[in-house]
Amino acid sequence: MRDRLRAITDVRTRRPQAIAEAAQRRQRRPELLSDGNRLLIIAADHPARGVLRVGDRPMAAADRADLLERMMIALARPGVDGVLGTADVIEDLLLLGALEDKVVIGSMNRGGLAGTVFEMDDRFTGCDAATIARMRFDGGKMLFRIDPDDPATARTMMSCAAAVSELAAHGLMAMVEPFISHRVDGRVRNDLSPDAVTRSIAVAAGLGSTSAYTWLKLPVVDDMERVLAASTLPALLHGGEVSADTSAVFGRWRKALRFPSVQGLVVGRTLLWPPDDDVAGAVDAAASLVRG
């Protein structure tokens, strides 16, 4: 992978237009669910928000060669449908030829850097709808955190609403990841109680001029059936914080995948850095859940 990484850097240095050319050549799926009724998406957009920790490894995601190698393993496994990432990660994977016939979702707002005083003012510093359409990607993802005590939430809400409308105008998925959040001892914490998640869904579903192309990216919480009843929008489950007890995590996914509005999983660190470091094994286990 180190040699291939040097080749990517050489292309970026000498022929940056090759990225757009690779995007135009890429074989694109005719529809999101063309290979079954659910999706398994591998996520790799945390580094752009300054989140490099995985479990007890504080800088696990800081090595780009290692991240790409893990992504390549995951994307090559049967049952994996695509990737969610920032432009730099997606472009690396394009140059590596790893995105043929895959769903590609660009991460849009990464400006609310983890641990900063401006974390809730989650500016759109990543992919925009026009570029997502031009690069022939399949949608855009946005993080929408609602802090009742932080006025920056209003700016983030307006930006997310505009992004939903812009993606819909291009006929592209808007993947919205909502949370009710609070600062606890100076750090932003997401409220994962059923009532809080239900409220976040209700607000997120109303963003934009149309919800026709909106999907939700949701945590698995208690009383999931009641939580999901808050909206008719399709939902994808995310992995949340990395846990050493992967069997418990997989068990929660298995139960939540039974509900009709749940269309699959969007998981990153849990599958890319499993406790036993067997990426293929972790991805295969997740794929078996998604495929039923």
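In this predicted model, arginine 64 is partly exposed, with a relative accessible area of 24%. The side chain of arginine 64 forms a salt bridge with aspartate 88, and the closest N and O atoms are 3.1 Å apart. In total, the structure holds 26 salt bridges.

- Aspartate 88 is partly exposed, at a relative accessible area of 30%.

**Glutamate 177 and lysine 141**
- Glutamate 177 and lysine 141 form a salt bridge whose closest N and O atoms are 3.0 Å apart.
- Because glutamate 177 lies in strand β5 (residues 173-184) and lysine 141 in strand β4, the pair ties together parts 36 residues apart in sequence.
- Glutamate 177 is buried at 8% relative accessibility, and lysine 141 is buried at 2%.

**Arginine 26 and aspartate 138**
- A salt bridge joins the side chains of arginine 26 and aspartate 138, at 3.9 Å from N to O.
- Arginine 26 is in the loop between α2 and β1, and aspartate 138 is in the loop between α5 and β4, 112 residues apart.
- Arginine 26 is buried, with a relative accessible area of 1%, and aspartate 138 is buried at 9%.

**Cysteines**
- The structure holds zero disulfides.
- The cysteine sulfur nearest to that of cysteine 127 belongs to cysteine 160, 14 Å away.
- Cysteine 127 is buried at 7% relative accessible area, and cysteine 160 is buried at 0%.

Notes: Residues numbered from 1 in each chain as written. Predicted model: local features only at pLDDT ≥ 70, side-chain atom pairs only at ≥ 80, totals over all residues. Heavy atoms only, no water. Disulfide = S-S within 2.5 Å. Buried < 20%, exposed > 50% of the residue type's maximum accessible area, 1.4 Å probe, protein only. Salt bridge = Lys/Arg side-chain N within 4 Å of Asp/Glu carboxyl O. Helix = DSSP H or I, 4+ residues; strand = E, 2+ residues; numbered from the N terminus.
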